[in-house]
Amino acid sequence: MTGTWTRKDLLGIRDLSRQEIQLLLETAKSFQEISLRPVKKVPALRGKTVANLFFEPSTRTRISFELAEKRLSADTINMVGSTSSMVKGESLKDTVRNIESLKVDIVVMRHSSSGAPHRLAPLLKASVINAGDGINEHPTQALLDMFTILEKKKKLEGLKVSFIGDILHSRVARSNLWGLTKMGARVTVCGPKTLLPPEIEKLGVHATTDLGEAVHGADVLNLLRIQLERQTESFFPSIREYATSYQIDREILKQAKPDVLIMHPGPVNRGVEITSQVVDGPYSVILDQVTHGLAVRMAVLYLLSGGSREEEA
Ligand code: CP
């Protein structure tokens, strides 16, 4: 394994070193086989308690964390914002401190406000895992995306990885950009000018509004959905016009590498950013991403709880 894990929290990819990303990915690899065993459980987090606090909707991330915790034998409590006392006016800080008073070891939090987990982490003894904060970061998604590319391509260094769609509001894109550039990939971001953050090229990526340029010679296309809940429809004339200019279909894929990977963090808007034929087609690794998310989240939980994988082998 590459080095040791010393952080209390996982708040983003931005602060991580290449070695820390490497350690997370190698640890995830070592956890992958547990899900193939007849008894899919190890005692790594026995006696630990994990609170899953989801203040914003989630399917993949929430069930993936919950299953990862169960596979590691942790005790779990689950809370969704809409059924908590926050609807009666209790603050996020008080809510989380009340939960911590139950001697929780790890808090997994998704929140619609960018920076919410960063504000709470220094106030808590428990480790905090960011499961997506506003438009800021989604570190475990970037890790599972990098893991999926590694599984399929055996490397990240030098690959052309293009993100297409709503880059401006995408925490998935942001975490991936930090991670992939540190790991040596050549990253392109593509979308309407209004959905490309100004000065994004200062992060070491190439930005273009030309879909053909983003797809040409790409090893990986990671498609981002138009986030209608963030009022993104005001950033371009209509969904139909967006799809005309930026939808990935079988025809445009001919410009990519013959073994291109089609990725999408979900949820997918079929017929908008991607056609159904491509979602369900031979290049799609969208469901592999979900599978790999489990091993990645097991690794994150394990390292934050102070584990050493050798002890578990
Ligand atoms: N990729 C992702 O974060 O999906 P969910 O919103 O369903 O968790």
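Select Ser73 to begin, which lies in the loop between α2 (60-71) and β2 (75-80); helices (H or I, at least four residues) and strands (E, at least two) are DSSP runs, numbered from the N terminus. The phi of Ser73 is near 70°, a positive value in a residue other than glycine. Ser73 is buried, with a relative accessible area of 17%, where buried means under 20% relative accessible area, exposed over 50%, and partly exposed in between (1.4 Å probe, protein chains only).

Before going further, note that this is a predicted model, in which local features need pLDDT of at least 70 and side-chain atom pairs count only at pLDDT 80 or more, while totals for chains, interfaces and linings use all residues. Residues are numbered from 1 along each chain as its sequence is written, and side-chain values use heavy atoms, with hydrogens and water left out.

Next, select Lys154, in the loop between α5 (139-153) and β5 (160-164). Lys154 also has a positive phi, near 65°, in a residue other than glycine, but Lys154 is exposed, with a relative accessible area of 64%.

The ligand is surrounded by Ser58, Thr59, Arg60, Thr61, Arg110, His138, Gln141, Pro265 and Gly266. Polar contacts can be inspected here, each being a pair of N or O atoms within 3.5 Å; within protein, one must be able to donate a hydrogen and the other to accept it, and residues adjacent in sequence count only if both atoms are side-chain atoms. An N or O atom in the side chain of Arg60 is 3.0 Å from an oxygen atom of the ligand, and for Thr61 the corresponding distance from a side-chain N or O atom to a ligand oxygen atom is 2.6 Å. A nitrogen atom of the ligand lies 3.0 Å from a polar side-chain atom of Gln141. Taken alone the ligand exposes 260 Å², of which the protein buries 92%, with accessible areas coming from the Shrake-Rupley method with a 1.4 Å probe and, for residues, only the protein chains shown counting as cover.

Pro267 is placed in the loop between β9 (261-263) and α10 (276-279).

Then select Gln247, in the loop between α8 (239-246) and α9 (250-253), which counts as buried at 18% relative accessibility. The side chain of Gln247 reaches the backbone oxygen of Gly271 at 2.8 Å, and a polar atom of that side chain lies 3.2 Å from the backbone oxygen of Val272.

Move to helix α11 (residues 286-304), whose 19 residues should span 27 Å at 1.5 Å a residue, and whose end C-alpha atoms are 27 Å apart, which agrees; the expected span is 1.5 Å times one less than the number of residues. Because 15 of the 19 residues of α11 are buried, this helix is largely enclosed by the rest of the structure. Just after α11, Gly306 takes a positive phi of about 90°.

Finish with Thr4, in the segment before α1, which is exposed at a relative accessible area of 66%. The C-alpha atoms of Thr4 and Leu23 are separated by 7.4 Å, although these residues are 19 residues apart along the chain. Leu23 is one of the buried residues of α1, among them also Ile21 and Phe31.

Note on methods
A residue is near a molecule or strand if one of its heavy atoms lies within 4 Å of it.
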